[in-house]
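Student: I have a model open and some terms to sort out. Can we take them one at a time?
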Amino acid sequence: MKVLVFAASSSKKSINKKLATYAASLLTSADIDILDLNDFELPLFSQDKEEELGHPALAKDFLAKIQGSDALIISFAEHNGSYSAAYKNLFDWCSRINPKVFQNKPMILFSTSPGARGGASVLAQAVNSAPFFGGTVLASYALPDFYENFDLEKSCIKNEEINGLVRSAVSKLS
């Protein structure tokens, strides 16, 4: 199974990328492709820009990565209760090329933040909207208090109860 993994964040120090990468490491027999959203940076979407530029190659490349995968693991950064601007912009460009951005792929969705809710607001948006864009959400989990629950040196979750919840979510891809 080929699993496409990314954080819906452009932060070079993304805690969501750390979570998504850890979650993917739990799939011992999968071929893992970890993306960096910074490799798909596009001009701010508008209909005017679309008329001017057409469909950018980077948006097509991102969709090709999804098409070439069997499943997705995404961890969403929460910016003021919603998606990061970088993710939303890439998503908007991609949806103009293929409204079913997720191309009927099974998905495991996560979020995390330094706070007690772990990005629960953005995760709820992602879970609720994914089916409209061709995503099949098999499981989701908002990891709270990232810095208290994640060991940055070992790149793993140190809270066993939370680790069990993440493992359970990822196991849905097996």
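Tutor: Start with the cavity. A cavity is a set of grid points where a 1.4 Å probe fits but cannot get out, and lining residues have an atom within 4 Å of a point. Keep in mind that this is a predicted model.

Student: How many cavities of 30 Å³ or more does a search of the whole structure find?
Tutor: The search finds 1. The largest cavity has a volume of about 60 Å³.

Student: Which residues line the largest cavity?
Tutor: Phe76, Tyr83, Tyr87, Phe91, Phe102, Met107, Leu109, Ala126, Ser129, Ala130 and Phe133. H4, S4 and helix H5 (120-129) each supply at least two residues of this lining.

Student: What is the make-up of that lining, by nonpolar, polar and charged residues?
Tutor: The lining has 10 nonpolar residues, 1 polar and no charged.

Student: Why is Met107 called buried?
Tutor: Buried means under 20% relative accessible area. Met107 has 0%, so Met107 is buried. Met107 is found in strand S4 (residues 105-112).

Student: What is Met107 in contact with, leaving aside its neighbours within four places in sequence?
Tutor: Its contacts include Leu72, Ile74, Phe102 and Ala130.

Student: How do you know that the span of helix H4 (residues 85-97) agrees with its 13 residues?
Tutor: At 1.5 Å a residue, H4 should span 18 Å. Its end C-alpha atoms are 19 Å apart, which agrees.

Student: Which elements do the buried residues of H4 pack against?
Tutor: Strand S1 (2-8), helix H2 (47-53), helix H3 (57-67) and strand S3 (71-76). Tyr87 and Phe91 are among the buried residues of H4.

Conventions. Residues are numbered from 1 along each chain as its sequence is written. This is a predicted model: local features need pLDDT of at least 70, side-chain atom pairs count only at pLDDT 80 or more; totals for chains, interfaces and linings use all residues. Side-chain values use heavy atoms; hydrogens and water are left out. Helices (H or I, at least four residues) and strands (E, at least two) are DSSP runs, numbered from the N terminus. Buried means under 20% relative accessible area, exposed over 50%, partly exposed in between (1.4 Å probe, protein chains only). Contact means heavy atoms within 4.5 Å. The expected span of a helix is 1.5 Å times one less than its number of residues. On a 1 Å grid over the protein atoms alone, a cavity is a set of points where a 1.4 Å probe fits but cannot get out, and a pocket is an open set with protein on both sides within 12 Å along at least five of seven lines; lining residues have an atom within 4 Å of a point. Grid points are joined across faces, edges and corners, and a volume is the space filled by probe spheres set on the points. Ala, Val, Leu, Ile, Met, Phe, Trp, Tyr, Cys and Pro count as nonpolar, Asp, Glu, Lys and Arg as charged, and the others, Gly among them, as polar.
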